[in-house]
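Please read the points in order, with the structure at hand.

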Amino acid sequence: FCEFNNRDHRTDLNGVDRLIVRRGQPFTVSLYLRSGLYQPGVNALDCIAETGPQPSEQYGTRASFGLSANIDTSRWSAAVTSPPGNMVALSICSAPDAPIGRYTLTLGQSARIEFILLFNPWCPGDAVYMDNEQSLAEYVLSQDGIIFRGSYKYPIPTPWNFGQFENGILDICLRILDMNPKCLKNPGKDCSGRRNPIYVSRVLSAMVNCNDDKGVLLGRWTDDYDGGVSPMFWRGSVEILRNWETQACQPVRYGQCWVFAAVACSVSRALGIPCRVVTNYLSAHDTNSNLTIERYIDENGDLIKSREMIWNYHCWVESWMTRPDLKPDFNGWQASDPTPQEKSEGVYCCGPIPLRAIKEGELIFKYDAPFVFAEVNADIITFMKKKDGSTSTVTNNTIVGQKISTKSVGSDAREDITHLYKFPEGSDEEREAFKRANHQNKLLKQQQNQGLHLTIKVTADMRKGCDFDVFAVVTNNTQSEKKCRLVFGSCALSYNGFMGANCGFKDLLNVELQPGGERRVPLRLNYSKYGDNLTEDNLIRLAALLLDYSTGEATLAVRNIVLENPEIKIRILGEPKENRKLAAELTLKNPLPEPLENCCFSIEGANLTGGHTTRVDRRNPMGPGEDAKVKVYFTPTHSGLRKLVVDFDSTKLCHVKGYRNVIIGK
């Protein structure tokens with residue numbers, strides 16, 4: 001009864017042509033007897049459930065059980081639910097801690113049933129149990145979502161098609177588990193480990209990247225994407241996962257943090273683990289576990305390259321589960337990071353670690369607590385390296401771990417979850433957490449120099465293609481007149497902190513400030529200067545360096561700005577119904593003072609475009625200010641709220657994203 005069982009187990013979006021069930025929940029099968037009638041108390045039936053290449057009761061990958069009077073949802077069990085006769089209706093239930101994966105169920109001497117068993121967050125006995133229907137609809141069943149990029153001052157929602165129920169994706173997710181090195185080395189032990197979501201999420205953290213194994217994605221953080229496509233190209237996980245399978249498990253090129261995280265989220269949801277993508281703005285990459293990022297600048301305020309970086313943002317995933325391996329109260333959301341940054345136990349993976357452990361500074365807990373703690377809490381120490389070889393400390397107000405964000409349950413709004421990772425800045429609780437983490441730099445840090453205050457201000461009209469001003473604002477809070485040097489520069493920036501070409505620069509050798517006075521210094525950013533230097537991230541780093549001639553002290557202010565792309569307007573034509581052809585009109589206006597060539601719109605959406613990407617090319621160039629308008633056609637396959645994800649690409653305007661929520665009727 002695949003259709004009935006799959007609907008009952010909330011797996012019917014995978015299809016109803018085979019049995020896919022969740023652990024700890026009964027499912028129904030009917031046996032038609034070749035001879036004789038079933039009589040309660042007289043007839044027996046031996047049942048054997050097996051998974052993996054080497055089923056073993058020792059490893060928990062083989063279970064033998066007979067008929068019971070009633071179903072016991074705490075273990076493998078079976079019970080007859082029909083009256084005596086030559087047709088027997090059986091209710092069968094797996095243990096809530098059974099390993100997930102492909103199973104063969106043998107009933108008696110001849111009946112064999114194959115099925116797939118998944119985690120069950122609706123089952124109180126399952127380690128991934130979540131007691132909230134709205135959250136389950138979002139974190140398990142929702143096939144699309146929002147990933148936040150941009151900057152902490154201007155978070156940009158980017159649509160993503162997780163597509164975990166698209167045709168063939170579940171099989172690919174199971175193959176990812178089968179290709180992990182632990183399975184290849186000891187398949188029996190690995191299949192046994194699949195009972196535990198902690199183990200599975202750690203395997204996924206390693207297998208979504210390919211640094212140690214036949215993983216899904218190869219990372220690339222330069223502008224050279226030969227042999228593959230820019231990470232900005234992807235609109236969802238489906239094409240990535242299918243490419244990995246069809247390429248004989250060769251890595252798909254290329255990914256960056258939000259792509260790694262989104263694919264890990266798709267696989268987790270497909271397997272039944274509640275999962276969400278989170279974004280940490282101003283995220284630290286601490287390579288030596290001292291909870292400190294040491295940055296060096298030159299006398300123009302430009303960063304000198306280092307392995308330790310502050311990423312403009314960084315994405316990872318959180319998965320919901322219990323942690324019986326830790327002391328009580330550390331259940332719930334666990335952070336893990338599939339982006340390959342540092343090795344953990346000899347492998348490029350990270351987590352899972354309870355968010356509460358990060359918040360409370362419990363850095364001895366498994367797994368990788370110091371690295372994740374540093375991502376949201378590291379102290380930044382800035383040194384200026386002078387031409388004579390000497391160095392001096394620079395005052396810097398940058399705070400790591402800002403506006404930690406995820407999509408809200410049931411809406412596309414941004415939910416700020418910083419409070420799950422950190423206590424309020426300066427609170428007694430924060431101080432206690434730093435003590436536990438032995439975070440001495442934060443504890444001993446003295447008050448910043450309040451004499452001269454330096455900030456960077458921007459205007460609201462920072463759109464790609466426009467010329468605009470940014471401002472360094474210097475305030476003299478002392479009782480004496482000050483003479484200073486102000487260096488104010490800008491450069492293109494990639495999201496992970498690497499700097500590109502200069503976009504505008506100013507060096508004022510004699511800035512005079514009266515006591516209590518303020519000076520506002522503009523810097524003009526012209527499209528003719530920054531246009532060809534921008535990366536696909538549309539980021540510009542602004543840095544102002546103030547040198548006080550009287551004291552020799554230096555103050556640095558840094559602000560990353562993101563330039564807005566034009567809006568893609570999406571109009572649905574007609575009434576959306578499942579299995580009926582539907583049209584959408586897509587419109588984009590060229591915001592640049594130059595023509596756009598090789599323009600292409602691409603769309604995809606879970607249960608909207610058949611798991612494929614639809615592309616429409618515009619052959620004629622688009623002049624400045626001109627609208628590009630195209631129609632695309634697709635056939636929704638399921639009713640409900642769906643997200644149509646749109647991407648526009650051209651020579652000078654790359655990977656502009658847009659989306660429209662569409663309610664599909666029956």
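1. D337 is buried, with a relative accessible area of 1%; buried means under 20% relative accessible area, exposed over 50% and partly exposed in between, with a 1.4 Å probe and protein chains only. The residue sits in the loop between β18 (332-336) and β19 (353-354). Helices (H or I, at least four residues) and strands (E, at least two) are DSSP runs, numbered from the N terminus.

2. This is a predicted model, in which local features need pLDDT of at least 70 and side-chain atom pairs count only at pLDDT 80 or more, while totals for chains, interfaces and linings use all residues. Residues are numbered from 1 along each chain as its sequence is written, and side-chain values use heavy atoms, leaving out hydrogens and water.

3. Leaving aside residues up to four places away in sequence, D337 touches S205, H314, C315, W316, C349, C350 and E375, where contact means heavy atoms within 4.5 Å. The side chains of D337 and Q341 are joined by a polar contact of 3.0 Å. Such a contact is a pair of N or O atoms within 3.5 Å; within protein, one must be able to donate a hydrogen and the other to accept it, and residues adjacent in sequence count only if both atoms are side-chain atoms.

4. Which residues does UniProt list under "active site"? The unreviewed entry places this feature at C257, H314 and D337. They span 81 residues in sequence, yet no two of their C-alpha atoms are more than 9.7 Å apart, so they gather at one spot. UniProt positions are given in the numbering used here, feature names are shortened, and annotations may be inferred rather than shown by experiment.

5. H314 belongs to strand β17 (residues 309-321) and is buried, at a relative accessible area of 1%. Among the residues that H314 touches, not counting those up to four places away in sequence, are C257, D337, Q341 and E375.

6. Is helix α6 (residues 197-207) largely enclosed or open? Of its 11 residues, 10 are buried, so α6 is largely enclosed by the rest of the structure. One of the buried residues is S205. The cover over the buried residues of α6 includes α3 (169-178), α4 (181-185), α5 (187-193), α8 (257-271) and β17. At the start of α6, a side-chain oxygen of N196 comes within 2.9 Å of the backbone nitrogen of I198.
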